[in-house]
Amino acid sequence: MTTPPNHDASSENVTDFADFKARFDASLAGSGSPDHSALAFVDAPLKPLPLLTPPETPVLFRLRVDLADSHPPIWRRLTLPSNLTLDVLHDVLQTAFGWTNSHLHRFALATDRHSHETQGILTPYDVEEGDEGVLESELRLDQLLAKKNDWLHYTYDFGDDWDHTIKLEDFLPQQALTDAAVRCVDGRRRGPVEDVGGIYGWEHLLAVAAGTTPPDYPEQREIAFEMGLHRFVDEIDLAEINRGLERLAGSDAALGWLRRHNSSGGTPSKLDILFAGVSPDAQRHLAGYLASADVVEPTPIDEAEAATATAVIRTFLGNVGGGIRLTSAGYLPPARVRALMEELDTEKIWRGEANRESQTYPLLFLRETAAQLGLVRKFRGDLLLTKRGAQLRDAPVELWQYLAARLPLERSDDGRDSALLLLMLVAAGEAGSWDRLRESLDLLTSMVGWTFGGRGRYGNDSALSDASDTRRVLGWAGTGSLLPPRGSVSHGLETDAARQLARAALTRWT
């Protein structure tokens, strides 16, 4: 065959058809049947990754990451050290877009997205599959990006194909990296829900929830409602993202501390059991909340703080005093109900008549919680203080410490796990509003394997109800009252007092 001018034939695999024909004819003549190995074409070997030589001193990169085909665009602007490895960048992107790290992912060169010509950037899963390339954990970002507008592909979930473009917008070579924590400095829109058919499925669901597009099938509107999309606010929360990045930065140290702390043997704690039952990625995610909660050190409490945090329970114990004769149905008598509510609900927030315990739910829950804590008991028709209840009634600090040691109160497996996760959210300062708290607990309970099949993004909107006993104790501590103030949207769990009690409870379980 003729070689084109200025063409270096040695640089490519060129099939010699004359030799091919000779071997093929020989196989036919010798055996009467073709030698099929002669028909096999050898694939061209993959080229090595075109890696750059990184600078001696890392610089600060500013990246813009866009979710492909989103309209209006879903994007994030990140600042991070140029020597960040790609496995860490994967974790950063998961946090920045609100993904759950529950699917496969892969980085790829801008010029060879499917690694047809060059070796791939591999995850551990790819290595197990026998793919050829370099592990993402061994590659620095500045080995692939060097000048403005250089970019990479990042794909998450090969079913929904959430494709991201990672573009280097700018770098600051003189920037000292001493304070160069990974930050999200700008962006637009919240990240999508997973497993909805990719970006087009997500945009369609949002339109169905908003009523601007008819559903594809009758149940789709109900699905959008159950996922909470009817109240979905599609606005980025930079503070929330950056708190997540801070948790990510501290997660390995917190997880290492937890493992060392619990390596001495003995009976595993509830927290040990929770962490042992989830994947390494989920463990690191959960450990980030422990890092934000700073559970390494014991939680101090002074007399005044403890008095406010335990005021509701101490008031109830003080009213039980030497005992209360219950009605034949086993409830507090109406006069006692009225007296207790006058003392516990001074602002008259409860709208009922407050004269029957069975219909005055806050008081009924308080009595049941006090019994669950082992502070009161029923005996021959009377409600009495236990020995522990009598000891702690007038001892705020000791009662506070007792509460911390007893939380969580839930006994079922799902209730206990939900309550432990609630403690972690509260201790880390991530309680937020009612809606935000439900969303967070919905996600975390799904990460540890619970599937309640109800409403919410992940079907676990009811997880907050499963942790209601622990939630009430934290709420009483946070507000210092049986019911939140009139007109307040607070649940008390976002307060310093609730966070302090939750932190002490977690310190107990670590």
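## Terms and basis

Two strands are said to pair if DSSP finds at least two bridges between them. Helices (H or I, at least four residues) and strands (E, at least two) are DSSP runs, numbered from the N terminus.

This is a predicted model, in which local features need pLDDT of at least 70 and side-chain atom pairs count only at pLDDT 80 or more, while totals for chains, interfaces and linings use all residues. Residues are numbered from 1 along each chain as its sequence is written, and side-chain values use heavy atoms, with hydrogens and water left out.

## The sheet of three strands

Strands β9, β11 and β10 form an open sheet in the order β9-β11-β10, and their pairing is antiparallel. Because β9 (324-325) and β10 (376-379) stand at the edges with a single partner strand each, one side of each is left without a neighbour in the sheet.

Between β10 and β11 (residues 382-385) the antiparallel pairing extends over 4 bridges, and Arg377 stands opposite Leu384 in β11. Helix α10 (residues 311-320) lies across β9, β10 and β11, running at about 120° to β11; such angles run from 0 to 180 degrees between N-to-C directions, with axes fitted as lines to C-alpha atoms, for helices over the stretch in contact, where contact means heavy atoms within 4.5 Å.

## The sheet of six strands

A further open sheet, also antiparallel in its pairing, has 6 strands in the order β3-β6-β7-β1-β2-β8. Its edge strands, β3 (105-109) and β8 (183-188), each pair on one side only, and the twist from one strand to the next averages 25°.

Within this sheet, β1 (residues 60-67) and β2 (residues 74-81) run antiparallel and are joined by 8 bridges, with Phe61 opposite Leu80 in β2.
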